[in-house]
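Me: Please go through this structure with me in short questions and answers, starting with the sheet.
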Amino acid sequence: MQPPEKPENEASRLQALNDSGLLFSAAEPRFDRITRLAQRIFGVDIALISLVGDDIQWFKSRQGLDAAETGRDVSFCGHAILQNEIFVVADATKDHRFSDNPLVLDAPQIRFYAGAPLQTDPDNAEGPHKIGTLCLIHSQPRTLSKEDLQTLRDLADLVELEIRQARMKRQLARAEVAEERLASVIEGTNIGTWEWNVQTGETVFNERWANIVGHTLDELAPISIDTWMSLAHPEDLPASEQALHAHFSGETDFYDVQCRMRHKGGDWVWVHDRGRLISRSADGQPLWMAGTHADVSAQVNAQMALRENEARLRGLFELSPYGIALNDYENGHFLDINAALLAPTGYTREEFCQLSYWEITPQEYAPQEEKQLRSMQETGRYGPFEKEYIRKDGSRYPVLLNGMVVNDANGRKLIWSIVEDISERKRMQRMKDEFVSTVSHELRTPLTAIRGALALVTSGALGTLPADADGMVKVAQNNSQRLLFLINDLLDMEKLLVGKMVFDLQWHAIAPLIQTSLQENQPYASLYQVTLNFINHVDQAQVNADASRLQQVMSNLLSNAIKFSRRGSEVSVSTDWHDTHIRITVSDQGSGIASEFHDRVFQKFAQADSSDTRKQGGTGLGLAITRELVESMHGNVSFESEKGKGARFFVDLPARNLSDRNVDE
């Protein structure tokens, strides 16, 4: 027995068979009619429509045979599909290819076989595929005449016609489904569609195309390319024409433009117009185009607004008197800078943008930078803090920085920074400090002499003064005392700022220091009819402080509390443990501090009431000096207050507990 070979196009042939949808499908009358007719016309035992699969032959229609399939290796049809003409075996017992075939030796005892190949895809570029046969089988040898062969071929052609019709029906069904899906997509995306005969101007628009410009199709009838032209913005027509020529010439795959169209209401609607050429005329000229119209007015207007905002922000960015920088969060590289930041550096813009943030920062500011980095990680912001930048020539200048972390559209972390060159501010501050220091020193000596002379006069050493003169001298003496306090405060502040004030830090029992302060300020409290009270919760504690400077701190806090308290009220001082520090709390029942003044409480010359008519005197330096003194003793000072409910100031100083250790006093 000789098994049939497989054709060279076996893979594509099997694919064509599968695509036909016939293999293993249900019996169909249209095919059974043909096999019955073939059986009667030729008077044979068996007539089949056989489909040759990978390793079987399966019978789509069968007459005179119960079996639904056989192996391909024993099939006669496997040989028939290798032929272009009808394959005929007159007597299988005398053909060496089939004489020992099981289908010859056993049932159905084939002697005669004739198979007409069934082809699909006659227009396929690779040639038709033979997927099976219409075959005749008989148990007696016989031959076919030329007329018989033509009849068998005609019947096979009818089978092929049915196969093609079935395929066309499936394609039509798929096309209908695709059309329904396309209609759903068009409706769901709310886009207009158009078709245009480039040669005649004929156009087909859907209803949405008209709705985009506020019309119905009936209102726009009769419709042609002139309809579109009449609605298009004249300034956009050249760009549309250019895009069409580029597409017609093959330079672009699509015609794609954004243009304006006049709405029924009179305004202009932005439309994304996109399409492609779908056919050409016999002479190669563009014929039919099809495409879509999408209303993109909202997107275009948003983009225009965004560009306008970007232009405004860019103008503010470039014209700002303060330096502004955009840095990469990960590596510190400068991504963008304005002119104000660049001006004092000595670099060109290109040079500066090649630098990292760290290349213009002196090494000694690393601890501050780490602190600001933690702030950015925790809060998304940093600053304000002062540092120095390094110029191109190596010199330095002071800057004040504030910044925040942002994310760009891709999620990359960036840092926006405001960088203020405070060189001039520092210069003016130095001039002011030098002036105040000079004036204070020059005034102190003559003022001391004046104060001494006034004291001598008021003491009566020079005789008794008239009552009017005595009053005037006492006013002069009081004012000279206030002026001396101001000068002393100014000199103390100068020493603190330049680091010239000497501190003698020793361990001291806290209670005696507080009691001494209360005693020294009792006369002042009595003047305002205010009671002083001390609550001590740390009997066995010592603080590490300069005793005289701590007395100065307490005097400042107590005098403030007293003068802002109501008559008959109480100022209390308490001591408590606060972690490893002793907290001294000075509380009053006065008018409190307005919230808008909280940020300036510890600034120099800051006073909540700075008017010429303020009721309470003072230099405005007491709390500023207090903060500098406390911080110089490695402590911290803070406060809390609410308008109308008094104030509480806290001084935290390093401390130790004598009950926990043996301290040699």
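Me: In what order do the six strands of the open sheet lie?
Reply: This is a predicted model, in which local features need pLDDT of at least 70, side-chain atom pairs count only at pLDDT 80 or more, and totals for chains, interfaces and linings use all residues. Residues are numbered from 1 along each chain as its sequence is written, and side-chain values use heavy atoms, leaving out hydrogens and water. Strands (E, at least two residues) and helices (H or I, at least four) are DSSP runs numbered from the N terminus, and two strands pair if DSSP finds at least two bridges between them. With antiparallel pairing, the order is S3-S2-S1-S6-S5-S4.

Me: Which are the edge strands?
Reply: An edge strand here pairs on one side only. The two are S3 (69–71) and S4 (87–89).

Me: Which residue in S6 is the bridge partner of Ala-114?
Reply: Strands S5 (residues 112–120) and S6 (residues 129–138) pair in the antiparallel sense over nine bridges. In S6, the partner of Ala-114 is Leu-136.

Me: Is Gln-589 buried, exposed or partly exposed?
Reply: Gln-589 lies in the loop between strand S21 (581–587) and helix H18 (622–632). Buried means under 20% relative accessible area and exposed over 50%, with partly exposed in between (1.4 Å probe, protein chains only). Because its relative accessibility is 37%, Gln-589 counts as partly exposed.

Me: How far apart are the C-alpha atoms of Gln-589 and Ser-569?
Reply: The two residues are 20 residues apart along the chain. Their C-alpha atoms are separated by 6.5 Å.
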